[in-house]
Amino acid sequence: MDGIEPYWWWFAAGLALAGLEMLVPGVYLVWLALAALATGVLVLAGDPPFLLQIVNFVFLSLIFAYSARRWVREKPIESSDPLLNNRAGRLVGSTAVVTTPLEGGQGRVRVGDGEWMASGPDSPEGARVRISGHIGGVLSVEPLELPPPA
């Protein structure tokens, strides 16, 4: 290839794909980058024909991608905060104040500085309730049992 050894092209392609991995969301180009770098090492060790280099790159890409997919499926990444993007899930267990009376099992409650749709037993406006769960964006509430005054 006009003075530049083929393995340098593979190393450059691998580094370019690794750089693109940082710009593109997802984790896919890194496996193509590893396949290109591995192909560069194989081309450096021996000088296979160009068609065999391409076939090697394609097969290594598939092997790396499917191996990574299987590995991630068997060993999922566990979050230190699984409710990070589940705002309603974070509210379970906290208390709220009924702002629109719960009649017929539906109403609205105030939690912090926001109001949420709620479902649960009938409760008057101003009653304190505990959030016991959620279905989508609707909070499931139950009456809060306060201890009797001493």
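Colleague: Which residues are linked in a network of salt bridges?
Modeller: This is a predicted model. In it, the side chain of E115 meets that of R108 in a salt bridge, 3.2 Å from N to O. E115 also forms a salt bridge with R110, with 3.5 Å between the closest N and O atoms. The network of salt bridges therefore links, by way of these pairs, R108, R110 and E115.

Colleague: Is E115 buried or exposed, or does it count as partly exposed?
Modeller: Buried needs a relative accessible area under 20%, and exposed needs over 50%. E115 has a relative accessibility of 34%, so E115 counts as partly exposed.

Colleague: What is the relative accessible area of R108?
Modeller: Partly exposed covers the range between the buried limit of 20% and the exposed limit of 50%. R108 is partly exposed because its relative accessible area is 30%.

Colleague: How many salt bridges does the structure hold?
Modeller: Besides the bridges of E115 with R108 and with R110, there is a salt bridge between E74 and R70, whose closest N and O atoms are 3.1 Å apart. The number of salt bridges in the structure is three.

Colleague: In which helix do E74 and R70 both lie?
Modeller: E74 and R70 are both exposed. They are four residues apart, about one turn of the helix, and that helix is α3.

Colleague: Which side chain of opposite charge is nearest to E21?
Modeller: E21 lies in helix α1, residues 6–23, and is buried. A salt bridge needs a side-chain nitrogen within 4 Å of a carboxyl oxygen. E21 has no salt bridge, and at 15 Å the nearest side chain of opposite charge is R69.

Colleague: With which residues is E21 in contact, leaving aside its neighbours within four places in sequence?
Modeller: E21 is buried, so its relative accessible area is under 20%. With the neighbours within four places in sequence left aside, the contacts of E21 are G26, V27, Y28, L29 and V30.

Colleague: How is the aromatic pair of W8 and F11 described: edge-to-face or stacked?
Modeller: The structure holds four aromatic pairs. In the pair of W8 and F11 the centres are 5.9 Å apart and the planes stand at 80°. Planes over 60 degrees apart count that way, so the pair is edge-to-face.

Colleague: Which residues do ring pairs link into a cluster?
Modeller: W8 and F11 are three residues apart in helix α1, so about one helical turn separates them. F11 is buried, at 17% relative accessible area. The cluster linked by ring pairs consists of Y7, W8 and F11.

Colleague: How many residues apart in sequence are the parts that the pair of W10 and F57 ties together?
Modeller: W10 is buried at 9% relative accessible area, and F57 counts as buried at 19%. The ring centres of W10 and F57 are 5.4 Å apart with the planes at 35°, so the pair is tilted. W10 lies in helix α1 and F57 in helix α3, so the separation in sequence of the parts tied together is 47 residues.

Colleague: What is the area of the nonpolar surface patch that includes I54?
Modeller: I54 lies in helix α3, residues 50–74. Patch residues need over 30% relative accessible area, and I54 is partly exposed at 31%. Among the other residues of the patch are F50, L62 and Y66, and its area is about 960 Å².

Colleague: How far apart in space are P49 and P149, C-alpha to C-alpha?
Modeller: P49 is in the loop between α2 and α3, and is exposed, with a relative accessible area of 53%. P49 and P149 are 100 residues apart in sequence, and their distance in space, C-alpha to C-alpha, is 87 Å.

Methods
Residues are numbered from 1 along each chain as its sequence is written. This is a predicted model: local features need pLDDT of at least 70, side-chain atom pairs count only at pLDDT 80 or more; totals for chains, interfaces and linings use all residues. Side-chain values use heavy atoms; hydrogens and water are left out. Helices (H or I, at least four residues) and strands (E, at least two) are DSSP runs, numbered from the N terminus. Buried means under 20% relative accessible area, exposed over 50%, partly exposed in between (1.4 Å probe, protein chains only). Lys and Arg count as positive and Asp and Glu as negative; His and the chain ends are not counted. Contact means heavy atoms within 4.5 Å. Patches are made of residues with over 30% relative accessible area and no salt bridge: like charges are joined within 9 Å, nonpolar side chains (Val, Leu, Ile, Met, Phe, Trp, Tyr) within 5 Å. Accessible areas come from the Shrake-Rupley method with a 1.4 Å probe; for residues, only the protein chains shown count as cover. Rings of Phe, Tyr and Trp (its six-membered ring) pair if their centres lie within 6.5 Å; planes under 30 degrees apart count as stacked, over 60 as edge-to-face and the rest as tilted.
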